[in-house]
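Take a walk through this fold with me. We will go from charged pairs to cores, rings and surface.

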Amino acid sequence: MDSLTQIVLGAAVGQATIGKKVGNKAILWGAIAGTIPDLDILTKLYTDTVTANELHRGFSHSILFCVLAAPLFGWLITKLYKNKEANWKDWTKLMFWGLFTHPILDAFTTWGTQLFWPLPYKVSFKNIFVIDPLYTVPFLVCVVWAMFYKRTNPKRNKINNIGIIISSSYMLITLALKWYTYGVFKINLEAQQIIFNEIQTKPTPLNSILWNANIETKDSFLIGDYSLFDGKASIKFTSHLKNHQLLGRLQNHPLIIRLIKLTEGWYTIEQSGDIFYFNDLRFGLLDKTSSNNRFAFSYKIFYDKNGKLHAIERERNMKEVPNLLNNLFKRIIGKKN
């Protein structure tokens with residue numbers, strides 16, 4: 001999830017664990033604990049794009065990291081506060097749950113989280129977008145509200161728990177919506193007599209009303225979307241050729257093999273002269289209404305002057321964001337182009 005959500009979740013967990021003992025200090029250190037796992041993004045400063053994306057949500061998001069790091073951070077905080085409000089076990093408990101709830105939450109998104117690192121398996125339920133106000137806002141409001149009460153006031157924990165219950169309930173609702181919309185996509189594919197190998201569904205940005213599906217067929221991937229406001233309207237699927245054969249011998253290049261593994265096989269290839277574009281389908285199109293069909297995540301594959309193969313993420317035009325959000329909102333409420 002986004003940084004703000006993880007900070008708020010960590011703060012709420014901090015209050016829930018030892019808020020009665022240390023008050024707002026628990027919220028502060030819970031927020032810090034909720035931030036720590038995402039410091040793996042700093043790898044982008046000293047390594048290439050592909051390596052950084054491989055490392056993201058790896059060791060720092062694992063159960064092993066939480067178990068090893070929590071006692072250390074707990075000891076450091078104990079040294080910082082030389083009072084008897086909370087001991088090493090208390091701070092270790094806070095840091096463990098603050099760290100652990102971060103990857104648990106991330107596991108519900110699309111990217112995938114290596115909870116069981118060093119095993120390569122990624123947990124990804126794909127039922128919530130990385131930024132979803134309906135999940136974050138209740139947490140934020142309740143955590144800030146709780147901060148204004150003294151640590152011994154029972155209302156403090158009650159308000160904090162309300163935020164946890166509301167947001168957790170919303171998470172369960174998104175799981176139910178994923179199950180329902182998956183069925184809608186499958187019924188439409190069968191009605192249109194489309195033979196497919198696999199379906200992946202996920203919510204679109206900022207909401208859980210409009211859902212997107214990637215469908216793998218023999219030679220192409222189909223992409224379709226369905227809004228809860230569409231009712232029984234038929235889903236139109238657009239086809240995107242895999243074009244894996246365009247890579248030729250590059251299919252066996254270590255860099256391409258790593259990208260295929262990173263995308264879990266959900267990719268298409270475009271070619272423009274000597275340059276290839278490796279499209280990661282897991283995050284969908286930037287704008288389905290656009291004629292260029294640009295994917296949200298795409299890598300430019302090219303050789304440098306020394307003959308070394310490189311992969312860099314294609315730049316996104318931030319000026320397009322207002323128009324993209326406008327089109328997204330129209331589609332959420334059921335308007336089709």
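Is arginine 331 buried or exposed? Arginine 331 counts as buried, because its relative accessibility is 9%. Buried here means under 20% relative accessible area, exposed means over 50%, and partly exposed lies in between (1.4 Å probe, protein chains only). This is a predicted model, in which local features need pLDDT of at least 70 and side-chain atom pairs count only at pLDDT 80 or more, while totals for chains, interfaces and linings use all residues. Residues are numbered from 1 along each chain as its sequence is written, and side-chain values use heavy atoms, with hydrogens and water left out.

Arginine 331 has a partner. It forms a salt bridge with aspartate 225, and the closest N and O atoms are 2.9 Å apart. A salt bridge is a side-chain nitrogen of Lys or Arg within 4 Å of a carboxyl oxygen of Asp or Glu. This pair links distant parts of the chain: arginine 331 sits in helix α9 (residues 321-332) and aspartate 225 in strand β3 (residues 220-227), 106 residues apart. Helices (H or I, at least four residues) and strands (E, at least two) are DSSP runs, numbered from the N terminus. Aspartate 225 is buried too, at 11% relative accessibility. A network of salt bridges links Asp225, Asp230 and Arg331.

The structure holds nine salt bridges. Another one joins glutamate 54 and arginine 258, again with the closest N and O atoms 2.9 Å apart. Glutamate 54 lies in helix α3 (residues 49-55) and arginine 258 in helix α8 (residues 254-263), so the pair ties together parts that are 204 residues apart in sequence. Glutamate 54 is partly exposed at 26%, and arginine 258 is partly exposed at 28%.

Now turn to the nonpolar interior. A nonpolar core is a set of buried Ala, Val, Leu, Ile, Met, Phe, Trp, Tyr and Cys residues joined through side-chain atoms within 4.5 Å. The largest has 18 residues, and Ile18, Trp91, Leu94, Met95 and Leu99 have the most contacts inside it. Helices α1 (3-22), α2 (24-35), α4 (63-80) and α5 (88-106) each give two or more residues to this core. Apart from it lies another core of 16 residues, including Met1, Val8, Phe108 and Phe139.

Which rings pair up? The structure holds 13 aromatic pairs. Rings of Phe, Tyr and Trp (its six-membered ring) pair if their centres lie within 6.5 Å; planes under 30 degrees apart count as stacked, over 60 as edge-to-face and the rest as tilted. Tyrosine 81 and tryptophan 91 are stacked, because their ring centres are 5.8 Å apart and their planes meet at 25°. Tyrosine 81 lies in the loop between α4 and α5 and tryptophan 91 in helix α5, so the pair ties together parts ten residues apart in sequence. Tryptophan 91 is buried, at 2%. Tyrosine 267 and phenylalanine 278 are also stacked, 4.5 Å centre to centre with 5° between the planes.

Finish at the surface. Phenylalanine 148 is exposed, with a relative accessible area of 71%. Its place is the loop between α6 (133-146) and α7 (154-191).
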